[in-house]
2 protein chains.
Amino acid sequence: MHSSRAKEAGGAPRGRPRDASRDDALRKATLEVMAEVGYRALTMDAVAARAKAGKATIYRRWESKLELVIDTCNELVSRSVPEPDTGSVAGDLREFLLGYADFLTGPSGKAAQALVGELPHEPELATAFRDSFLTGQRGMLRRILERGAERGEINRHAPLGMVNELAGATLTYRLMLTGEPIDEAFVDKLLEQALLPLLN
Amino acid sequence: MHSSRAKEAGGAPRGRPRDASRDDALRKATLEVMAEVGYRALTMDAVAARAKAGKATIYRRWESKLELVIDTCNELVSRSVPEPDTGSVAGDLREFLLGYADFLTGPSGKAAQALVGELPHEPELATAFRDSFLTGQRGMLRRILERGAERGEINRHAPLGMVNELAGATLTYRLMLTGEPIDEAFVDKLLEQALLPLLN
């Protein structure tokens with residue numbers, strides 16, 4: 001790790017085992033290819049061609065297509081949806097939901113849809129997706145709710161697990177099924193009509 | 001319509017333009033093929049072969065693959081989830097959700113998953129799915145909530161549209177993303193922790 005960073009800092013143009021901007025270009029290519037053809041039809045060759053990179057470069061960094069795709073999702077979501085800490089549970093939930101809405105409706109949305117659509121046919125992908133992406137998203141929401149509970153903002157009997165599940169479910173439902181807008185107006189409606197009343 | 005029924009009743013073995021049991025066998029074959037290969041890869045030939053029927057038989061009844069698939073979904077859901085009328089909004093919601101849960105987790109579940117997964121890539125399918133299946137399901141929930149409101153069981157300020165959306169979203173989320181059980185225990189938890197509190 002240290003040696004690769006040193007090489008990166010030194011600007012060595014070739015043979016670098018890790019290069020953050022190169023990794024990002026490969027992740028971006030992965031997203032684009034996945035948005036176009038889906039997970040099943042995605043190949044390392046297509047990602048390499050899109051990123052104008054050698055296939056060996058990809059394999060040096062990710063062992064398999066599964067690893068590449070899951071890492072791409074996790075990296076993207078952790079950037080799009082940074083853990084909020086506004087000081088209130090309402091503020092934190094709103095910031096989280098707006099970030100998540102941006103992620104789902106932005107350039108990654110098509111890729112996310114393609115990925116979710118294939119989970120039923122790809123048990124290995126489904127397990128990896130649940131263990132990383134979904135667990136990460138739920139963990140962030142859980143910490144938001146726990147901090148709210150510690151500050152005394154939440155009713156002691158509030159169904160925290162259910163509120164957590166509803167927050168993820170509603171946005172995904174609009175993305176995958178109804179096609180209705182996932183925007184600020186919807187986030188506010190969800191908060192005011194469902195999530196906050198259930199916490200109070 | 002009348003003449004076809006007459007032929008059916010007469011038991012004419014060939015050339016019947018409509019035959020309910022034949023239609024059902026074709027819908028069943030459609031579901032099976034869709035569960036295996038998905039919507040995009042489904043062909044009328046594969047459905048015909050599965051049902052041991054001629055392709056012409058299918059085309060006499062459904063003009064296109066899209067029409068066949070949408071009709072299959074609608075027919076199935078209207079049988080799996082009959083409109084409840086128990087006399088209370090809690091009873092009606094529970095019966096609706098249990099029926100819907102059975103539908104999603106039963107033999108049709110795999111086909112439903114395959115279909116939903118392909119909506120993002122199939123705009124025509126998505127539109128037909130929303131206009132029939134989704135509109136039907138939401139209409140049933142809306143009538144359940146309206147009857148509850150007329151009986152005075154629901155707070156005048158309750159967010160009926162949001163409750164309707166949450167009911168569909170949570171079951172779909174478990175089916176498509178989390179893989180968690182969609183069973184009676186979950187239906188009761190959803191009612192007690194979210195839907196009924198939001199209505200009261």
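The model is predicted.

Chain A contains ten helices and zero strands. The C-alpha trace of chain A spans about 55 × 40 × 30 Å along its principal axes.

Two copies of a chain are related by a rotation about an axis and a shift along it. The same surface serves both copies, since 100% of the contact residues of chain A recur in chain B.

The contact between the chains draws 36 residues from chain A and 36 residues from chain B. The size of an interface is often given as the accessible area lost when the parts come together. For chain A and chain B, the buried area is about 3,100 Å². Carbon and sulfur atoms give 64% of that area. On the chain A side, the most area is lost by A:Met162, A:Tyr173 and A:Leu177. Together these residues account for 22% of what that side buries.

Two packed helices are described by the angle between their axes and the distance between the axes. In chain B, helix H5 (residues 65–80) packs with helix H8 (residues 123–150). Their axes come within 10 Å and cross at roughly 30°. Angles under 35 degrees count as roughly parallel, so H5(B) is roughly parallel to H8(B). The crossing is right-handed. H5(B) contributes B:Leu66, B:Val69, B:Ile70, B:Cys73, B:Asn74 and B:Val77 to this contact. H8(B) contributes B:Glu124, B:Leu125, B:Ala128, B:Phe129, B:Ser132 and B:Phe133. By class, the residues are nine nonpolar, two polar and one charged.

H5(B) also packs with helix H6 (residues 89–105) of chain B. The angle is about 135°, and the axes are 9 Å apart. H5(B) and H6(B) are therefore oblique to each other. This crossing is right-handed too. B:Leu76, B:Val77 and B:Ser80 of H5(B) meet B:Gly99, B:Tyr100 and B:Phe103 of H6(B). Four of the residues in this contact are nonpolar, two are polar and none is charged. B:Val77 takes part in the contact with H8(B) and in the contact with H6(B).

Technical notes: Residues numbered from 1 in each chain as written. Chains lettered and ligands numbered in written order. Predicted model: local features only at pLDDT ≥ 70, side-chain atom pairs only at ≥ 80, totals over all residues. Heavy atoms only, no water. Contact = heavy atoms within 4.5 Å. Axes fitted to C-alpha atoms, helices over the stretch in contact; angles between N-to-C directions. Helix = DSSP H or I, 4+ residues; strand = E, 2+ residues; numbered from the N terminus. Parallel < 35°, antiparallel > 145°, perpendicular 65-115°, else oblique. Left-handed = near helix turned anticlockwise from the far one by under 90°. Nonpolar A, V, L, I, M, F, W, Y, C, P; charged D, E, K, R; others polar. Buried area = accessible area lost by both parts, 1.4 Å probe.
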